[in-house]
Amino acid sequence: MTEISSTRSDRVKMVRSLSGRSARSRTGRFLVEGPQGVREAVRYSPQSVRDVYLTAESRDRYREIVADAEAARVYFHVTTPEVLEAMSPDAQGVLAVLDLPDPGDGPAAALELALAQSPRLVAVLSNVRDPGNAGAVIRAADAAGADLVVLTTNSVDIHSPKVVRSTAGSLFHLPVVTGVPLDEAVAALGLGGLQTLAADGVGTHDLDDLLDVAGDAPEGVPDLRAPSAWIFGNEAWGLTEAERGLADAVVRVPIRGRAESLNLATAATVCLYASSRAQR
């Protein structure tokens with residue numbers, strides 16, 4: 001444990017810079033802000049945690065974080081509230097710096113490795129740009145018991161502070177593969193034994209109908225009990241016709257009231273839980 005009291009120190013400047021993508025790429029590190037995210041990072045991914053920063057009040061309040069950090073032999077530092085504010089205005093008294101995942105042999109190899117674990121429920125985000133939405137879907141996938149999340153090329157950087165905060169720690173609970181073109185992801189998922197279901201308002205299949213026939217689906221109707229990968233599109237325009245055409249089936253979530261549509265995170269939650277329910 002060390003103490004930091006100067007807001008002008010090089011360490012403070014380095015930590016603050018990680019809110020930018022260029023600094024994350026240059027240093028190979030990223031920020032986790034807030035007690036929930038830091039708690040899950042230290043507990044489930046301690047090998048990636050370089051440093052934990054807390055105020056004296058947070059050190060006493062979140063003793064489990066300190067205990068887990070000590071058990072994992074992670075450096076932790078006590079700072080003044082001013083120093084932590086200078087590092088990140090969203091720290092809520094607790095902050096951590098983690099190493100970015102090793103890129104290994106690239107996104108395709110990472111997806112192949114994840115599929116070798118025989119996932120039964122996967123969320124695929126295609127061209128999803130909003131950090132809050134991406135984080136919320138990762139969190140929903142975790143809650144629904146999904147085994148994997150895939151973000152295609154041109155989607156948001158999952159290690160941006162807002163995405164990390166929005167996952168509320170779920171980023172450290174399940175594999176997340178990024179940077180795979182959608183057509184390659186769909187092909188790999190198919191080879192991995194998963195049916196691909198595109199969630200879109202123009203779908204030919206109603207989600208409620210699929211729940212009703214789960215386990216006894218007629219030919220040509222997807223069976224929600226089968227291993228499945230749900231594809232969710234961009235917040236503004238959804239999935240293009242070409243993207244929908246890659247999937248085995250296109251499924252719509254029924255809208256019974258006067259709402260025009262559901263937002264991305266809500267629709268993803270409904271679809272993932274439908275599959276989770278059917279598979280169980």
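Which residue forms a salt bridge with Asp-208, and how far apart are the closest N and O atoms? The structure is a predicted model, in which local features need pLDDT of at least 70 and side-chain atom pairs count only at pLDDT 80 or more, while totals for chains, interfaces and linings use all residues. Residues are numbered from 1 along each chain as its sequence is written, and side-chain values use heavy atoms, with hydrogens and water left out.

The partner of Asp-208 is Arg-256, and the closest N and O atoms of the two are 1.9 Å apart. This pair links distant parts of the chain, since Asp-208 belongs to helix 11 (residues 207-213) and Arg-256 to the loop between strand 12 and helix 13, 48 residues apart. Helices (H or I, at least four residues) and strands (E, at least two) are DSSP runs, numbered from the N terminus. Asp-208 counts as partly exposed at 27% relative accessibility, whereas Arg-256, at 68%, counts as exposed. In these terms, buried means under 20% relative accessible area, exposed means over 50%, and partly exposed lies in between (1.4 Å probe, protein chains only).

Side chains of opposite charge can pair when their charged atoms come close. A salt bridge is defined here as a side-chain nitrogen of Lys or Arg within 4 Å of a carboxyl oxygen of Asp or Glu, and by this rule the count comes to 13. One of them joins the side chains of Glu-33 and Arg-165, with 2.6 Å from N to O. Because Glu-33 lies in strand 2 (residues 29-33) and Arg-165 in helix 9 (residues 161-167), this pair ties together parts that are 132 residues apart in sequence. Glu-33 is buried, with a relative accessible area of 8%, while Arg-165 is partly exposed at 30%. Arg-165 also forms a salt bridge with Asp-90, where the closest N and O atoms are 3.5 Å apart. Here again distant parts of the chain are linked, with Arg-165 in helix 9 and Asp-90 in the loop between helix 6 (81-87) and strand 5 (94-99), 75 residues apart. Asp-90 is partly exposed, with a relative accessible area of 34%.

A pair of aromatic rings is described by the distance of the centres and the angle of the planes. Rings of Phe, Tyr and Trp (its six-membered ring) pair if their centres lie within 6.5 Å, and planes under 30 degrees apart count as stacked, over 60 as edge-to-face and the rest as tilted. The structure holds 1 aromatic pair. Its members are Trp-230 and Phe-232, whose ring centres are 6.4 Å apart and whose planes are at 10°, so the pair is stacked. Trp-230 is buried, with a relative accessible area of 0%, and Phe-232 is buried as well, with 2%.

Leu-262 is placed in the loop between strand 12 (249-252) and helix 13 (264-279), and at 35% relative accessibility Leu-262 counts as partly exposed.

Most residues other than glycine have a negative phi, and most peptide bonds are trans. Arg-73, however, has a phi near 60°, a positive value in a residue other than glycine. Arg-73 lies in the loop between helix 5 (63-71) and strand 4 (75-79) and is exposed, with a relative accessible area of 76%. The C-alpha atoms of Arg-73 and Val-49, 24 residues apart along the chain, are separated by 9.8 Å. Asn-154 likewise has a positive phi, near 75°; Asn-154 is found in the loop between strand 7 and helix 9 and is exposed, with a relative accessible area of 53%.
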